[in-house]
Amino acid sequence: MLGKSRLIFPGEKVLLAWSGGPSSSSMVWQVLEGLSRDSAKRLRFVPGVVYIDEGAACGQSPEDRARTLAEVKLALQTTGFPWHAVALEEVFSLPPSALRCSAQEAAGTEGAYKAAVDSFLQQQHALGTNGVERQSQHCAQDPQSPAGPPTTAQTQALSRLFDSVKTLTAKEELLQTLRTHLILHVARNHGYSKVMTGDSCTRLAIKLMTSLALGRGAFLAWDTGFSDERHGDVVVVRPMREHTLKEVAFYNRLFAVPSICTPALDTKAPEKASIHRLMEAFILRLQAQFPSTVSTVYRTSEKLVKAPRAGCAAGPRCLLCMCTLDVDTADSATAFGAQTSHLPQMQTPVTQARAAAGPCCCAGMGGAPGCCKREDPRAQVMEQLCYGCRVNMKDLPSLELLPPYILSEAQLRSQRATAEQEIREYLLGDSEDEAGTGES
């Protein structure tokens, strides 16, 4: 997969997202084997591993979390890679810049990739040793000890956030979103330009059907494709996407690949507890009766093209999933457009919030409506979410429980949009005054 895509250049730093499960453990093991001297097709990038401790969101006790973290540290130290064990509570200390997409570098051509390989091989020959191994050992010796344990206030805030969510479906989507933000923050802080995840073919088939049910059909190519460039400077890669869970299980059994099982949000949950569990049971039951089910769904996902709708290529992005917003008020072929097509007079959440708040105190002073910042904080957040994220956030009674970086970024975007609108209205008013002066 990596050689065919030529997406990862020699010497590039790649962060392996390891959860302790079978697929991600198999991915780390294959990278470890690919970097060895006996490998037929040796990997040339510099790996690192990140583990996200989600025990607080899953209801684990402090003793169980400490026991699991000790096993994780022991397993990560045996790999010899630089590793980062991060608690999910650290999302409450992330800066708002974690939600801003940096400028994406232009994709390298085939000639640029070959030139990079030749240059890397020349450097290896000049050094007389494996440059990848030396750089990996140097990174492993760096004092990259994990941060201290999360504070009690952060743990309580995270527990309150997940306890307030009404449905298990929204909890799983929120957990996935916060986990992605934290992994991207770790990657940027330590200079990783690529992130590898252990999503298998079976999991991606389940994810595709789940995303369709959740109203994320516009983003299937990003959610299930080999590469995900929505974050700009950090690209998410899924090299395990051609292996089924059964193949991964056999591989781990034959090569004695260790894995760590930790409870998840849906552990021991009934089949109809969430859309994720329902789709998983549906796909796996079909796979047992018709063995080509997973491969058929997977091949369908390969045909999806990452082409945004007309006029939305450079538009605003969702505050949570960072995809281009797919909501509008026009009669379009989207779920949002279908819901609002029969309500032409429907107001946006911000308009409703301003109307409920009453006349702006600055209106009598010549200011624009809403310039006194009396907007509803919930409306500020909801207007910056895609359709799927809006549906999930409806199950969160109070958005004030979200991490501060999300609320801060929502406020900054709202203020920026208001300022840009005022500037446009000011320039439009000046142009109209000039036109009226010329006519007179």
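Helices (H or I, at least four residues) and strands (E, at least two) are DSSP runs, numbered from the N terminus. The exercises below concern a predicted model, in which local features need pLDDT of at least 70, side-chain atom pairs count only at pLDDT 80 or more, and totals for chains, interfaces and linings use all residues. Residues are numbered from 1 along each chain as its sequence is written, and side-chain values use heavy atoms, with hydrogens and water left out.

**Exercise 1. The packing of α9 and α13**

Describe how helix α9 (residues 201–213) and helix α13 (residues 293–302) are arranged.

Solution. 
Step 1. Two packed helices are described by the angle between their axes and the distance between the axes. Axes are lines fitted to C-alpha atoms, for helices over the stretch in contact, and angles run from 0 to 180 degrees between N-to-C directions.
Step 2. The axes of α9 and α13 come within 9 Å and cross at roughly 70°.
Step 3. Angles under 35 degrees count as roughly parallel, over 145 as roughly antiparallel, 65 to 115 as roughly perpendicular and the rest as oblique. The helices α9 and α13 are therefore roughly perpendicular to each other.
Step 4. Contact means heavy atoms within 4.5 Å. On the α9 side, Cys201, Thr202, Ala205, Leu208 and Met209 take part, and they meet Val294, Val297, Tyr298 and Ser301 of α13.
Step 5. Ala, Val, Leu, Ile, Met, Phe, Trp, Tyr, Cys and Pro count as nonpolar, Asp, Glu, Lys and Arg as charged, and the others, Gly among them, as polar. The residues of this contact divide into 7 nonpolar, 2 polar and no charged.

**Exercise 2. The packing of α2 and α11**

Classify the angle between helix α2 (residues 22–34) and helix α11 (residues 245–254).

Solution. 
Step 1. The two helices pack at about 55°, with their axes 10 Å apart.
Step 2. This angle makes α2 oblique to α11.
Step 3. Pro22, Ser23, Ser26, Trp29 and Gln30 of α2 form the contact with Leu245, Val248, Tyr251 and Asn252 of α11.
Step 4. These residues comprise 5 nonpolar, 4 polar and no charged.

**Exercise 3. The nonpolar cores**

State how many residues the largest nonpolar core has and which element gives the most to this core.

Solution. 
Step 1. A nonpolar core is a set of buried Ala, Val, Leu, Ile, Met, Phe, Trp, Tyr and Cys residues joined through side-chain atoms within 4.5 Å.
Step 2. The largest has 55 residues, and Leu88, Phe162, Leu178, Leu385 and Met393 have the most contacts inside it.
Step 3. Elements that give two or more residues to this core include β1 (13–17), α7 and α8 (168–189). The most come from α8, with 10 residues.
Step 4. A second, separate core of 23 residues includes Trp18, Met27, Leu76 and Val235.

Definitions and conventions: Buried means under 20% relative accessible area, exposed over 50%, partly exposed in between (1.4 Å probe, protein chains only).
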